[in-house]
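Please look through the structure shown below with this briefing beside it. The points that follow are grouped by topic, so that each part can be found and followed in turn.

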Amino acid sequence: MGEVSLIDVSKRFALRIDGNVQTVRALERLSFTVADGEVVALIGPSGCGKTTALRIAMGLETATGGAVTVDGVAIKGCGYDRGIVFQHAELLPWLNALRNVEFGLEMKGMRGAELHDTAMKYLTLVGLQDSVKRRPYQLSGGMQQRVGIARALAIDPKVLLMDEPFGALDAQTREALQTELLEIHARTKKTILFVTHDLDEAVLLADRVVVMQHGRLQEIVDVPLPRPRDDLAKIRGSEEFSQTRYHIWRALHAGAPTLH
Amino acid sequence: MVDLADRSPAANDTGDVAPARRSVPRWAVTTASIIVIIILWEIFGRDINPIFGSYPSAIFEAFLTLLYNGKLGAALLQSVQPFVVGYCAAIVIGVPLGLVIGRFWVAEAALGILVTGGYAMPLVALVPLLVLWFGLGFAVKAAVIFLMSVFPICINTWLGVKSVPKTLIDVGKSLVAPDSVILRRIVLPATLPYIMAGIKLAVGRAVVGMVIAEFFTSISGLGAIIINSANNFDTATMFVPIIVLMVLAVGLNALLGWFERVVAPWQDEIAGRN
């Protein structure tokens, strides 16, 4: 089971601007649920609070109101039930790819042959079995991001959280990794919540798309594309793709958000 | 799995863009520059009044004299001992202190100002006080060298801790690492390049500290040769310890540079140095 719910999550920051303290409402009673095995995209204009929401779900930040639950249990800080992939891989530069993936497993208490074999298993899953001894600076951007994905998956989380995971990559690498993510999801059946500002990516990868505006939920759009999504090129040309994309686009450009 | 053409230099065997090869190796340019300086010095140095200056061949003769009568060796040994003690103590105390100040805001608020002030302190002015505290022998020399080197080491470490990207700390937190593990396994390795920079910076200051100590406390070692030959107007001999000290400092710096590449090789690649 890997159901994650945001329940009335609010987040306020106090910012000192020009000597005055202003309250910024980053999130305002945000609520939605990602079902077990579902892929949900979180999309919205810059500053809408989607990354904040993801970080709160991960436990890297605390909400000022509301709660996040995984399988009905409220979270307290970070845990092994959730893994995160950052926009820039954020690998530890002094460790090679293998040791980077092993790091999380070591934190879990794994040692010895089991540690090595598990790390190798996930590096093989992302196709990097021949580059395990390379340091991050010896890896391309796409390869680094793959190591980041392997590191997050290796701890076997119930939920995979991704913060604009392919945003820093060039278009071709991005497409390749999108295909790979779909394959990984088909194989591991993980619950995935990812933040993106790319409408195409949201429709291609997700089952539902949560559209945010100004810290609030604007709309949740269903993606009626069947799985497995093998041929992304064909899907891009399909009617359902265009209609869903347009639906999300409209939601992004709508006026005041509808309150749920 | 999609196999992408990776752009890492290690796998680039297509040879379409070779790394820019310098026409002359670096060491050749350095050596040539030193030789040119020596030649120019030799030519123009001979014309200077021997009381005011000297030239390479005379200095070399003086060097050989000092070497063969054992004075240079003995002086070097005398100078090096407090140097090693003071410099190593500066590392052993400076690095952990820098880590603590950088990591805990209370320590930074309390001690930061003292460290910054200590760095700017003119040590020469403090030597009489140090002599009162430590006497005139080995201890005061080690103390002077320690005080000269500890502050840059501490400050660089402190800066390094504060420069650790918050995102790397996030990585540790997201993998449920406790604070002590984050400090030891993420903050410390990330700070290593800064620590090495501080240690290298301190070499020059430690050498200055050593000479100051030898001038103002009991005159011994290389400082003694400098003072005595200056008093005898033997300028050629005076230059010998100066050049020996320069060579020592450069040598130690190079050794630390090698050590830095062994211990923190990723920094060069990230900074794009080659």
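Two strands are said to pair if DSSP finds at least two bridges between them. With that in mind, one can say of this predicted model that, in strand β8 of chain A, the bridge partner of A:Met162 is A:Phe194. The points below begin with the strands around β8(A), go on to other parts of chain A, and end with chain B.

- Strand β8 of chain A covers residues 191–196, and it is mostly covered, since six of its six residues are buried.
- In a regular strand, the side chains alternate between the two faces of the sheet.
- In β8(A), A:Thr191, A:Leu193 and A:Val195 point one way, whereas A:Ile192, A:Phe194 and A:Thr196 point the other way, and all of them are buried.
- Strand β7 of chain A, made of residues 159–163, runs parallel to β8(A) and is joined to it by five bridges.
- From β7(A) the chain crosses through helix α5 of chain A (residues 171–188) to reach β8(A), and this β-α-β crossover is right-handed.
- Strand β3 of chain A, made of residues 39–43, also runs parallel to β8(A) and is joined to it by five bridges, with A:Ala41 standing opposite A:Phe194 in β8(A).

- β9(A) pairs with β3(A) in the parallel sense over four bridges, and A:Val40 stands opposite A:Arg208 in β9(A).
- Strand β10 of chain A, residues 216–222, runs antiparallel to β9(A), and six bridges join the two strands; in β10(A), the bridge partner of A:Val210 is A:Ile220.
- β9(A) and β10(A) form a hairpin with two residues between them, and A:His214 in the turn has a positive phi of about 50 degrees.

**The open antiparallel sheet of chain A**

- Strands of a sheet pair through backbone hydrogen bonds, and the pairing may be either parallel or antiparallel.
- Four strands of chain A form an open sheet in the order β2-β1-β4-β5, and their pairing is antiparallel.
- At the edges of this sheet stand β2 (20–34) and β5 (73–74) of chain A, each with a single partner strand, so one side of each is left without a neighbour in the sheet.
- Strand β1 of chain A (residues 4–17) and strand β4 of chain A (residues 65–70) pair in the antiparallel sense over five bridges, and the bridge partner of A:Ser10 in β4(A) is A:Gly65.
- Helix α1 of chain A, residues 50–58, packs on the sheet and touches β1, β2 and β4 of chain A, while its direction makes about 120 degrees with that of β1(A).

**A helix pair in chain A**

- Helix α3 of chain A (residues 112–125) and helix α4 of chain A (residues 141–154) pack at an angle of about 135 degrees, with their axes 9 Å apart.
- That angle makes α3(A) oblique to α4(A), and the crossing of α3(A) and α4(A) is right-handed.
- Where α3(A) and α4(A) meet, A:Thr118, A:Ala119, A:Tyr122, A:Leu123 and A:Leu125 in α3(A) come up against A:Ala150, A:Leu153 and A:Ala154 in α4(A).

**Chain B and its helices**

- Chain B holds 11 helices and zero strands, and 30% of its 274 residues count as buried.
- Among contacts in chain B between residues at least 6 apart in sequence, 76% join residues at least 24 apart.
- The axes of helix α8 of chain B (residues 179–216) and helix α10 of chain B (residues 235–263) come within 10 Å and cross at roughly 165 degrees, which means that α8(B) is roughly antiparallel to α10(B).
- α8(B) passes α10(B) in a right-handed crossing, and the residues that make the contact include B:Leu192 and B:Met196 of α8(B) and B:Leu245 and B:Leu248 of α10(B).
- In helix α9 of chain B, residues 221–231, the buried residues are B:Gly221, B:Leu222, B:Gly223, B:Ile225 and B:Ile226, and what covers them includes α3 (71–103), α8 and α10 of chain B.
- Just after α9(B), B:Phe233 takes a positive phi of about 60 degrees.

Note on methods
Residues numbered from 1 in each chain as written. Chains lettered and ligands numbered in written order. Predicted model: local features only at pLDDT ≥ 70, side-chain atom pairs only at ≥ 80, totals over all residues. Contact = placed C-beta atoms within 7 Å. Axes fitted to C-alpha atoms, helices over the stretch in contact; angles between N-to-C directions. Buried ≥ 20, exposed ≤ 12 C-beta atoms within 10 Å, placed from the backbone. Right-handed = clockwise from strand over helix to strand, strands pointing away. Parallel < 35°, antiparallel > 145°, perpendicular 65-115°, else oblique. Left-handed = near helix turned anticlockwise from the far one by under 90°.
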